[in-house]
Amino acid sequence: MKHVSLYVMTIVCLFCTLSSSAQNDPIVLITGEFKNLNIEQFVRQLEQATGDTYYYNPKDFDSLVINFSAKEKPLAEVLATAFANTDYQFAIDESKQVFLTKGRGLKTTLFEGIASGGDAGNDSTQTNRFGNAGYEADKPVQRSSLENKLYEIGDRSLMNVEGTAILDGYLQDGKTGEAIIGASIYIDKLKVNISTDQNGYYTLTLPKGQHTLSIQGMGIKDTRRQVVLHADGKMNIEVQQQIMTLKNVTMSAQKINNIRSAQMGVQKIDIKTIKQVPVVFGEADVLRVVLTLPGVKSVGEASTGLNVRGGAADQNLILFNDATIYNPAHFFGLFSAFNPEIVKDVELYKSSVPAKFGGRLSSVIDITGREGNKKKVTGSAGIGLLTSRFNLEGPLINDKSSFILGGRTTYAKWLLNILPDQYKNSRASFNDFNLHISHEFTKKTTLYVTGYMSNDRFNLNSDTFYSYGNKNISLKLKHFFNNKLNALFTVGYDRYDYNITSESNEITAYKLGFDINQTYLKTHFNYNLSVKHRLEFGLNSIYYKLHPGSYLPVGGKSLVLADTVATEQALESAIYLSDKYNITPELFFDAGVRFSFYNYLGPQTVNTYAPGIPRTETNMLESKSYTGSNFIKTYGGPEIRVSMRYAFSDSFSIKAGYNTQRQYIHSMSNVTSMAPTDIWKLSDPNIKPQFGDQVSLGLYKNFRANTIETSLEVYYKNIKNYLDYKSGAQLIMNDHVETDVFTTRGKAYGVEVMVRKPAGKLNGWISYTYSRTQLKMDDPIAGEVINKGNYYPANYDKPHDVTMIANYRLSHRFSLSLNTTYSTGRPITLPIGSFTYGSSIRTLYGERNAYRIPDYFRTDFSMNIEGNHKVKQWTHNSWTIGVYNLTGRKNPYSVYFLSENGVIKGYKLSIFGSAIPYVNFNIRF
Amino acid sequence: MRKFVYGILLLLVAGCKEKFDLPTDSPETGYLVIEGFISPGPQTTKLELSRTNKTNAATKRTEQGALVQVEGDDNSVQVLPETFAGVYTTVLDINNNKQYRLRIKTTDGKEYLSDYVGVKVTPPIDSISWVRSAEGVRLQFNTHDPQNDTRYYLWDYHETWEFHSAFKSFLRYTPGQNAIEYKDPIRGLPDSSILICWRSSISTSIILGSSAKLSSDVISRQPFLLIPARDRKLSELYSIYVRQYGLTKEAYEFLEKMRKNTEGTGSIFDPQPSQLIGNIHNVSNPEEVVIGFISICTVEDKRLFIDNSEVPQWNYRSDCMEARVLNTPDSIDVAQGSGLVPTDVLETFGTAIIYFGVSSSDCVDCTRTGTNIKPSFWP
């Protein structure tokens, strides 16, 4: 086991030219004749005499011949004599291990004050041996934390240099032990590039021999690891967080992830970037920052509904640690429901959606929470203008399990108090809580438990109270079968509900409720078939149980007729397989297929309508009742997810992709934006699933030693069976909703150009998007057509969009951020005439969305001030001071028309019509 | 939802409201607009025909000279003559068990026909109640249909209030001179013709109500009008006359759409403006936009009075001020030139007027904002 014990020490040892001195008592004195001995013979004699363990590289000593005699000399003196006049060095440590080296000596104790795990200051390569022939899973895995050390995997003595070997392990934060997700590990020479999975796990199949692994990822320092691969083996790589150091070394040689990966239309932002972007009231907001990315729009400032590449707001799958969040907004949509202290990063897939995701047409927004610190208990707290938040994290069992707990609550009442008198009685409050626990049973099996809860409650100076909330819990088990195959098993439950109550008039006192529940099971396997093929496959299943509405009396005097729309149930399942296929170092394919199946389940009553004529209550033919949980209607089909990359050079590549998606659950809202009171509806025999496909092409070029990334992406997208609503549609408490909706077709196309400088004193990005989204309503069953059945612009069709996010670091403790955005105004429907009715002038509206509100422009500014950076102090403080809408431009939020004194007058309303300053204080402990 | 919409807008008030200019090149649409109800006799049926206009037009484009007739499914035909420009009135003979439709032939040769509609009998209004709060007095409807058959309601109202001039008028300028004289030198009474007046206004919004979600057809305390605190309407005596119409579901939906289209607040939480498709169509071109939904229903009405004494400490205050004017030709010239009206004598020396009061004409002459003809129903 000497090899094993050695590595523990080598993690912390550093080279230096000092020879060693440490000796143990009692001192063993050596007597002997050493004549014409080579190093092996010499060491064998010494081992017999002292019982010490010797480490050396025989190759380095092949020219050494030892000729001398010793009498009762200590080991150090013997070695000093033996190596006199040579450049060989030796070192003896406290546990009687002797290291023989050439050129430079080995220091066996640490310099004071050097943090463990540091990778600065060393500039040569040390070789040592460990590993075994073959791979033993339960053996401690070697940890690699040094850049310039050569790690050997497997037993080199086997001298087996032919063929390939598998190297796998975790990429971890050296300080907290947290897994580094989605980091890229690549080998330049071989043009091999992989990403760590959601657990930080990586696996590489490589030719045996020496390789340099380049590692880069969000929030970590770019780094390299040298390995010599003799056989299959495991290596956990510990990396450092990108924290500001006093002597910052800029590493810019390896920023080529955007060139290397095959995926298109993927953007990842870490929480550090998110926190730098100035936002209204200073609440670091995950979704607001996603909104600044090319291809992402929203209808208005007070809306977290995202429209990704022309998709509707309900076509985004918003995942928070595997849980689906149906309403990601707090406080009327001004804030997103994610506590920035808990979030690690957010990834947006708008084009190449991996086969493991499905069920939404436009995009996947995958928000990953942080894992708790596995080494010590820490926490943070923050105070802003509207919310206060805290989080606490730490180990439950050291290095085995950890927890992270976060919470946020508002005290927004002051905001309501500045309103005019008649709104004094309004109330609004929200809160959210997160808990994440991870536990490592064995090196091969880890369990994660995640819980999330959010609540919103408000009334607006009326007796009607609104409340809504998300509740999510999931259990995830990760298991490694062997170094080629690993799996994730997830079970979970998601719920979204809202209710509206009004109790002041006892005759009409009611409570309206809506909820959606889903129970899901996900299995996901990663299988490394060979160097060229890496497979992912799995099976997902979601069981939906939706209560589309209940309207119940409150109190004994209420005359409200209790009404409950029948519960809907459905099962959505999918199997998928994808292959990351390296054909040549330049050409790479990521091809996947996902078969999704959807079953609408009983018991249920289904209406049928006369075909080809408008679907109305009068055209209803029959209502058929199904009892038992049988399949009433089944939909399904393949979804294709293909993308390819061809790298012309290290700094230039071209990518193309084709994606299809199916969506079986639809949000229903006849308002422009997403409102908390929108309902969701499952596909049923009358409401077909939505279908979308997208082709995209991208060019990626990096400049200036990869410090500047540029990209150009073009896409064209078709949407089928998107639901729109008849005029005056009744959506809630309607048990024949199909008579109030009709399907539309959509097409969206655009060009997205982005220039990004991810690192350096000045960092950030500038993006320009040209995009169009048009809908067409020519469904004969609608009974009415919009704009004569021609294509018309969607509410979120804003052709031109320019966004700049810039951060300039003046010093390590002080940085400035500027955010500027311009976009074409949103389309609106304008009055084209007037008429008199009901003793009042009324507006006659023209074609839908034929006009636009004025263009949007906004600049925000913030300063981030960090406390001092001493690693050891009780608390770390930081301040953020900023101004939202610096220029005070009155961006129209909406335009509306009133008849005043017999004439129609138009008004535009802006929400943030002046510069809004804010301040935020954060403390970490 | 609607309250929510209002709320969010007002919550975010911190922002601001600015004028938005409509595109000036609005097309000449000229679609036919039909407003009114067919009333079973003996109530008078009144239908108003007009045309849609440019957005910036302030006047109503009446449709004159049309042939308007009501046809029964028993082949009866009754014509409504034009009694006023664009207004067609008559007392119809309607059988509650029959269905009727409306036919219109306009002078441009187009012919319009409505769907057949049945007669809806409106239940009587139970009461108009009111509650006082810091905001003012809120008026509410209460009604019910014992048959549980009406479910959808429309109301309109006509309110009238008595008000008094802030200052009594004893004096007037002597015609042609810079001097003043008593209006009633013999009795010394104020001018009663400009002291007490009445004013009225009509509802300009579409007030709808529905009991469709209730177990019985009851409308309870549905608010429809707020008299703001300290408003002049309640400074003396106030009266409101309301009419109630029972609607079919389709008629209700049509009016609800029109209401949302034209009374919305324009927030992004507002529904999209929707097309107004009524039950009247151009016979030869069904695509032509025709605005109107014809219904047949009886009308129920009710009148309510609220006296100032019923709202203690109403604290109505006019913004009127009285100024002192020295009785000299020069100062009278200035006062008269400023449009100020003399009120009463403030200071005398013997019988000579030294100072008299003046105020703006609105404060002295109530006929400038109302009528001094007492309504017939006034107590």
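Q: What makes Glu40(A), Arg44(A) and Gln48(A) exposed residues of α2(A)?
A: They sit on the face of α2(A) turned away from its buried side. Exposed means that 12 or fewer other C-beta atoms, placed from the backbone, lie within 10 Å of a residue's own; buried means 20 or more, and partly exposed is in between. This is a predicted model, where local features need pLDDT of at least 70, side-chain atom pairs count only at pLDDT 80 or more, and totals for chains, interfaces and linings use all residues. Residues are numbered from 1 along each chain as its sequence is written, with chains lettered from A and ligands numbered from 1 in the order in which they are written.

Q: Which residues of α2(A) are buried?
A: Ile39(A), Phe42(A), Val43(A) and Leu46(A). They cover an arc of only 95 degrees around the axis, so they lie on the same side of α2(A). The arc is taken from the directions from the helix axis to the C-beta atoms.

Q: Why is 16 Å the span expected of α2(A)?
A: The expected span is 1.5 Å times one less than the number of residues. Helix α2 (residues 39-50) of chain A has twelve residues and reaches 16 Å from its first C-alpha to its last, close to the expected 16 Å.

Q: Why does the largest nonpolar core lie between domain 3 and domain 4 of chain A?
A: Domain 3 (266-349) and domain 4 (363-924) both give residues to this core, so it lies between them. Domain bounds come from an automatic or database domain assignment. The core has 100 residues.

Note on methods: Core = buried A, V, L, I, M, F, W, Y, C linked by C-beta atoms within 7 Å. Helix = DSSP H or I, 4+ residues; strand = E, 2+ residues; numbered from the N terminus.
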